[in-house]
Structures are given as structure tokens and as C-alpha cells.
Amino acid sequence: MGHVFANEASPLQVRRLRHTLQDYLSQRGAMPEVREGVGEGAEPTESAAEISAVNGGTAGRLTVNVAVRSAVESSGIGKTTMTIGTRSVLYGAHCVVLHPWFLAVAWSKLYGFPWDVRLWASFWLHDIGYISKPNMDGSEGETHVELGARIMGLLFGESWAAFTAAHSRYWAKRNGRQFSRLCVADKLAFVLTPAWLYLPMTRATGELSEYMLRAKERQAGSEHFTDYESVRLNSADAREWLEGLKSYTRRWIEEHRNGGADNWTVGACAESTAAFR
């Protein structure tokens with residue numbers, strides 16, 4: 001635990017991160033090790049022993065934050081077209097300077113203070129894959145879990161990749177995986193985000209209309225919404241819609257905070273599901 005908590009990364013890991021991000025931007029395709037369920041039999045391209053050997057011979061080491069920043073800068077992400085996914089990460093619902101803090105508070109409420117630095121890394125990285133996505137909940141947007149999972153796997157091992165990928169209950173459902181605690185905390189982070197902040201941010205990015213439409217579609221395919229929630233989710237008033245979604249999300253959290261089967265989440269549309277077959 002000592003060397004992990006030191007939050008260090010070698011030049012080799014930096015190179016691997018840079019290549020990961022470059023591949024992501026150029027291909028934006030499937031990542032088999034994530035879709036197959038990272039952490040369950042997938043083999044890394046370089047062994048832990050090889051990484052340790054390089055670490056041992058390195059005079060100066062970079063922090064994980066510096067490593068990720070270096071990889072992002074050299075990958076050209078800064079030049080990515082300003083899609084709705086990119087806007088979301090910059091100043092929307094998944095704002096990189098706000099959302100991780102709400103997630104940390106949510107984790108503290110559910111499971112105690114997140115002392116493990118790897119948890120903090122997952123808080124910042126789990127939604128980074130929204131960058132360059134043309135939608136949030138469509139077939140492209142729902143693959144956003146892959147980039148953060150791959151980076152977490154490179155930094156901390158494949159169990160952490162699986163943990164990060166499973167922060168999406170829809171991704172987990174389609175792939176026959178158990179959602180992770182990060183998923184539950186992520187839902188609570190949404191609930192904790194005040195309407196006066198959430199609504200202007202999602203309006204500014206263009207996310208709100210998509211979220212409202214998707215919530216209505218998912219509500220129509222599930223029997224787990226109350227009458228109170230259904231009425232509000234079908235409202236054209238964004239504040240009422242948000243109240244209904246937060247009410248449902250709170251109940252989902254209480255039901256699933258300790259794990260177990262997720263029988264509430266309905267399957268995605270055929271277009272989205274096809275990307276994971």
C-alpha cells in the first residue's frame with residue numbers, strides 16, 4: 001500500500017497513458033478488455049514486474065496527477081471538437097472541477113471518508129471518457145466508462161479498472177456485471193448537486209434536453225417509478241423533472257447501497273446495446 005499511496009508513476013506509465021489517450025481519440029472504438037469485464041482474466045501489455053523494475057531505476061518520479069496531465073496534453077485532447085460530452089466535462093453535469101468533490105462527499109456519507117488515493121483517482125477519471133462524445137446517453141456516450149477504466153488499470157491494476165467501468169449501472173447491466181460502489185456514490189453525488197447549480201450547467205451544455213428525454217424513455221420501461229415520480233418525469237418543467245429523478249435516484253441508492261442485484265435498471269435501446277455485443 002505504501003508505494004501506491006505515494007501516488008507515483010514512472011515514465012513508462014506516462015508513455016502508456018499517452019498512448020492510451022491517443023488511441024482513444026483516433027479510434028474511439030471498442031476496448032475489449034473493458035467490455036469483457038476488466039479485472040477478470042484480461043492480461044496487461046506489460047507485467048507488474050516490468051513496471052516495478054523501471055520504477056526502481058528511475059531517479060525522478062512524477063505524481064499520478066502530473067502523469068495524467070502530461071498524457072492529456074500530449075494526446076491532443078485540448079484540440080478535440082467541443083462536443084456535448086466535452087462541454088459536460090468542462091462545465092456541465094460532469095464538470096471535472098466540481099463533480100469529483102460532490103462524489104467524495106457522497107462516498108463519505110455512504111462508506112466513510114475515502115482515504116485510499118486510488119478512490120480519489122477514480123473520482124477524477126471515471127467520466128473523462130465523455131470527452132469527444134456526441135451524446136451523453138446514446139450508443140457513443142454510454143461507452144464513456146472505457147477511457148477512465150483503462151487509465152485506472154494502467155495506474156493501479158485491473159481490479160480498479162473494473163471498479164471504475166462499473167460506475168455505470170447501464171454498462172454493468174448490459175455486460176452482466178455487478179455495479180460498483182462508485183456507481184452508488186455517483187448517483188448520490190447527482191442527488192447532492194443543488195438544482196440551482198445543476199440546471200444552469202446542463203442547460204449551458206445542452207445536456208438537459210437529452211437527459212429529460214432519456215429519463216422519460218426509461219421511466220416508461222420500468223415499474224419501479226412511483227406515481228409522484230412519473231408525473232414529474234413527464235413534466236416539461238425542468239425543476240419538476242429534476243425533483244422526480246432525484247426522488248427515484250434516492251430510493252435506488254437506499255435499495256442498492258450495499259450491493260445486490262439491480263432489478264430496477266431497464267435495458268438500453270437496441271442501438272445502444274448493439275455496441276456491447
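**Burial, contacts and charge pairs**

User: Is Cys 95 buried or exposed?

Analyst: The relative accessible area of Cys 95 is 4%. Buried means under 20%, exposed over 50% and partly exposed in between, with a 1.4 Å probe and protein chains only. Cys 95 is therefore buried.

User: What kind of model is this?

Analyst: Residues are numbered from 1 along each chain as its sequence is written, and side-chain values use heavy atoms, with hydrogens and water left out. Local features need pLDDT of at least 70, side-chain atom pairs count only at pLDDT 80 or more, and totals for chains, interfaces and linings use all residues, since the model is predicted.

User: How many disulfides does the structure hold?

Analyst: A disulfide requires two cysteine sulfur atoms within 2.5 Å. Cys 183 is buried at 0% relative accessibility. The number of disulfides in the structure is 0.

User: How many helices and strands does the protein chain have?

Analyst: Both are DSSP runs numbered from the N terminus: helices are H or I with at least four residues, strands are E with at least two. The protein chain has 2 strands. Its helices number 17.

User: What share of the protein chain's residues count as buried?

Analyst: The protein chain has 277 residues. It exposes about 12800 Å², of which carbon and sulfur atoms supply 54%; areas come from the Shrake-Rupley method with a 1.4 Å probe, and for residues only the protein chains shown count as cover. The buried share of residues is 55%.

User: Which residues does Ser 235 touch?

Analyst: Ser 235 sits in the loop between α15 (227–233) and α16 (238–256). At 11% relative accessible area, Ser 235 is buried. A contact means heavy atoms within 4.5 Å. Leaving out residues up to four places away in sequence, Ser 235 touches Met 212, Lys 216, Glu 240 and Trp 241.

User: Which residue forms a salt bridge with Arg 251?

Analyst: A salt bridge puts a side-chain nitrogen of Lys or Arg within 4 Å of a carboxyl oxygen of Asp or Glu. Here the closest N and O atoms are 2.7 Å apart. Arg 251 lies in helix α16 and its partner in helix α15, so the pair ties together parts 22 residues apart in sequence. The partner of Arg 251 is Glu 229.

User: How many residues apart are Glu 142 and Arg 174?

Analyst: Their side chains meet in a salt bridge at 2.6 Å, N to O. Glu 142 is in the loop between α8 (117–125) and α9 (145–156), while Arg 174 is in helix α11 (residues 169–174). Both residues are buried. The pair links distant parts of the chain, and the separation in residues is 32.

User: Is Glu 254 buried or exposed?

Analyst: Glu 254 forms a salt bridge with Arg 257, the closest N and O atoms being 3.8 Å apart. Arg 257 is partly exposed at 23%. Glu 254 has a relative accessibility of 53%, so it counts as exposed.

User: What accessible area does the nonpolar patch of Val 96, Val 97, Leu 98, Trp 101 and Trp 124 have together?

Analyst: Patch residues have over 30% relative accessible area and no salt bridge; like charges are joined within 9 Å, nonpolar side chains (Val, Leu, Ile, Met, Phe, Trp, Tyr) within 5 Å. Val 97 is in the loop between α6 (84–91) and α7 (99–111). Val 97 is exposed at 55%. Together the five residues of the patch have an accessible area of about 440 Å².
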